Amino acid sequence: MNQNEFVQLINPFKDKVFRLAKRLLTSTEEAEDATQEVLVKLWNKNGGLSDYNNVEVFAMTMTKNYCLDQLKSKRAGNLKIVHTNFTDREAGLQQKIEDQDSMSWVEKIIDQLPEQQRLIIQMRDIEQYEFEEIAKILDMNETAIRVALSRGRKTIREFMSKTHNYGIS
């Protein structure tokens, strides 16, 4: 496989690799490093990439594993998961402020979720992966993914409901 073929192969999902890394590592620089590492590893395996049914799922799995390794290492000990991809293009100022406040709350809630639920919410609700793809990436049963996603969403929903209904009888 030559360089052009490799670029055409990874172009459709390289941004997803970066967003997953950014979600896990928070730091843009760390996410860029992680993305670069994953792409270098893919390039080094370029002769064997045809052995994989879905190179994107393989790359996402590599990204997840690399990022989790970084989080476990001492140099990344203070990193946390943050999501800031939310934008509302046509909302008024009041709505934008309310949306930002809500997203801030959701980010705080997601930060408190177990790591597995955070990853599943990131992949399913933000990256729009199918359950089958998430199952391959996380090496889990699809039913377990659905359960974890449901529990994570329920936790977020309950906390947001309590927050928004505070003081209302």
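Q: In which helix is Ile-121 found?
A: Ile-121 is found in helix α6, residues 115-126. Helices here are DSSP runs (H or I, at least four residues), strands are DSSP runs too (E, at least two), and both are numbered from the N terminus.

Q: What kind of model is this, and how are residues numbered?
A: This is a predicted model: local features need pLDDT of at least 70, side-chain atom pairs count only at pLDDT 80 or more, and totals for chains, interfaces and linings use all residues. Residues are numbered from 1 along each chain as its sequence is written, and side-chain values use heavy atoms, with hydrogens and water left out.

Q: How many helices and strands does the protein have?
A: The protein has 8 helices and 0 strands. Along the sequence the pattern reads α-α-α-α-α-α-α-α.

Q: Why is Ile-121 called buried?
A: Buried means under 20% relative accessible area, exposed means over 50%, and partly exposed lies in between (1.4 Å probe, protein chains only). Ile-121 has 3% relative accessibility, so Ile-121 counts as buried. Across the protein, buried residues make up 38% of the 169 residues.

Q: What does Ile-121 touch, not counting residues up to four places away in sequence?
A: Contact means heavy atoms within 4.5 Å. By that rule Ile-121 touches Ile-110, Leu-113, Ile-126, Leu-149, Gly-152, Arg-153 and Ile-156. Take Gly-152: it is 31 residues from Ile-121 in sequence, and the C-alpha atoms are 7.3 Å apart.

Q: What makes Asp-125 and Arg-153 a salt bridge?
A: A salt bridge needs a side-chain nitrogen of Lys or Arg within 4 Å of a carboxyl oxygen of Asp or Glu. In this pair the closest N and O atoms are 2.4 Å apart. The pair links distant parts of the chain: Asp-125 is in helix α6, Arg-153 is in helix α8 (residues 142-164), and they are 28 residues apart.

Q: Are Asp-125 and Arg-153 buried or partly exposed?
A: Asp-125 has 31% relative accessibility, so Asp-125 counts as partly exposed. Arg-153 is at 35%, so Arg-153 counts as partly exposed.

Q: How do you know that Arg-124 and Glu-130 form a salt bridge?
A: Their side chains meet at 3.9 Å, N to O. Arg-124 is partly exposed because its relative accessibility is 21%. Glu-130 is partly exposed because its value is 47%.

Q: What separates Glu-132 and Lys-136 along helix α7?
A: They are 4 residues apart in helix α7 (residues 131-138), so about one helical turn separates them.

Q: What makes a set of residues a nonpolar core?
A: Its members are buried Ala, Val, Leu, Ile, Met, Phe, Trp, Tyr and Cys residues, joined through side-chain atoms within 4.5 Å. The largest one here has 42 residues. Those with the most contacts inside it are Leu-42, Ile-120, Leu-138 and Ile-156. The largest share of this core, 8 residues, comes from α4.

Q: Which residues is Ile-156 in contact with, leaving aside its neighbours within four places in sequence?
A: Ile-156 is in contact with Val-106, Ile-109, Ile-110, Leu-113 and Ile-121.
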